[in-house]
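The sequence and structure are shown first.

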Amino acid sequence: MSIAQNKKAFHEYFVEDKYEAGLMLAGWEVKAIRASRVQLKEAYVVIKNGEVFLIGAHISPLATASTHVHPDATRSRKLLLHAEEISKLIGKVERAGYTLVPLDLHYKRGRIKLEIGLAKGKKQHDKRQSAKERETDREVQRAMRNKI
């Protein structure tokens with residue numbers, strides 16, 4: 001079940017491979033995510049010292065957050081991946097010119113997971129081509145619907 005999606009990522013990048021990662025979250029963040037108060041639009045993923053972090057994801061704190069905790073909505077959050085996945089990602093990002101983008105925040109067996117994509121940036125003409133393909137697909141679907 002999807003909580004939040006990053007639709008902008010598919011417009012800006014060619015996503016070649018996907019990985020599912022766990023998130024290290026505080027209690028107030030889990031409550032806010034369950035209330036769908038999360039946005040991945042400006043978020044990105046970086047690798048520092050062999051660890052993977054989500055930066056820029058905005059989780060709005062609930063009004064009923066604890067009084068002794070001062071929530072930071074855009075703090076960096078550590079992602080949990082297997083060591084071999086991290087080493088594979090490090091190799092691709094450093095050598096092959098790929099980037100890591102968050103794609104989808106969802107539930108899996110009661111836990112909150114983040115799907116990250118190994119992606120290459122699109123050029124402007126690629127974005128135009130994608131828009132044309134999307135428009136022709138819509139026209140074909142419209143024609144098929146009206147014909148029946």
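## Strand β8 and its surroundings

In this predicted model, strand β8, which spans residues 99–108, is mostly covered, with seven of its ten residues buried. Strand β8 pairs with two other strands. Strand β1 (residues 2–5) runs antiparallel to β8 and is joined to it by three bridges; in this pairing Ala4 stands opposite Leu105. Strand β9 (residues 111–121) also runs antiparallel to β8, joined to it by nine bridges, and here Val101 stands opposite Gly117. The table lists the two pairings.

| Strand paired with β8 | Bridges | Direction | Opposite residues |
|---|---|---|---|
| β1 (residues 2–5) | three | antiparallel | Ala4 and Leu105 |
| β9 (residues 111–121) | nine | antiparallel | Val101 and Gly117 |

Strands β8 and β9 form a hairpin with two residues between the strands, and in this hairpin Arg109 takes a positive phi near 55°.

Leu100 is one of the residues of β8. Is Leu100 buried or exposed? Its relative accessible area is 2%, and buried means under 20%, so Leu100 counts as buried. Leaving aside residues up to four places away in sequence, Leu100 touches Tyr44, Val45, Ile47, Leu89, Val93, Gly117 and Leu118. Two of these contacts, Gly117 and Leu118, belong to the residue range of β9. Arg111 lies eleven residues from Leu100 in sequence, and the C-alpha atoms of the two are 22 Å apart. In general, side chains in a regular strand alternate between the two faces of the sheet.

## Helix α2

Which residues of helix α2 (residues 27–34) are buried? They are Trp28, Glu29, Ala32 and Ile33. Seen down the axis of α2, these buried residues fall within an arc of 135°, so they line one face of the helix. An α-helix has 3.6 residues a turn, so residues three or four places apart point the same way. Gly27 and Lys31, on the other side of α2, are exposed.

The buried residues of α2 pack against β8 and its two partners β1 and β9, and also against β3 (38–39), β6 (58–59) and β7 (77–80). Just after the helix, Ser36 takes a positive phi of about 60°.

## The cavity

One cavity of 30 Å³ or more is counted in the model. The largest cavity has a volume of about 40 Å³. Its lining consists of Leu23, Leu25, Ile33, Val38, Leu40, Leu54, Ala57, Ile59, Arg77 and Leu105. By class, nine of these residues are nonpolar, none is polar and one is charged. The lining includes Ile33, which is among the buried residues of α2. Leu105 also lines the cavity; this residue of β8 stands opposite Ala4.

## The chain as a whole

The chain holds four helices and nine strands. From the N terminus on, these elements follow the order β-α-β-α-β-β-β-β-β-α-β-β-α. Taken along the principal axes, the C-alpha atoms fill a box of roughly 60 × 40 × 30 Å. The chain has 148 residues, and 33% of them are buried. Of the contacts between residues at least 6 apart in sequence, 69% join residues at least 24 apart.

Technical notes:
Residues are numbered from 1 along each chain as its sequence is written. This is a predicted model: local features need pLDDT of at least 70, side-chain atom pairs count only at pLDDT 80 or more; totals for chains, interfaces and linings use all residues. Side-chain values use heavy atoms; hydrogens and water are left out. Buried means under 20% relative accessible area, exposed over 50%, partly exposed in between (1.4 Å probe, protein chains only). Two strands pair if DSSP finds at least two bridges between them. On a 1 Å grid over the protein atoms alone, a cavity is a set of points where a 1.4 Å probe fits but cannot get out, and a pocket is an open set with protein on both sides within 12 Å along at least five of seven lines; lining residues have an atom within 4 Å of a point. Grid points are joined across faces, edges and corners, and a volume is the space filled by probe spheres set on the points. Ala, Val, Leu, Ile, Met, Phe, Trp, Tyr, Cys and Pro count as nonpolar, Asp, Glu, Lys and Arg as charged, and the others, Gly among them, as polar. The arc is that of the directions from the helix axis to the C-beta atoms. Contact means heavy atoms within 4.5 Å.
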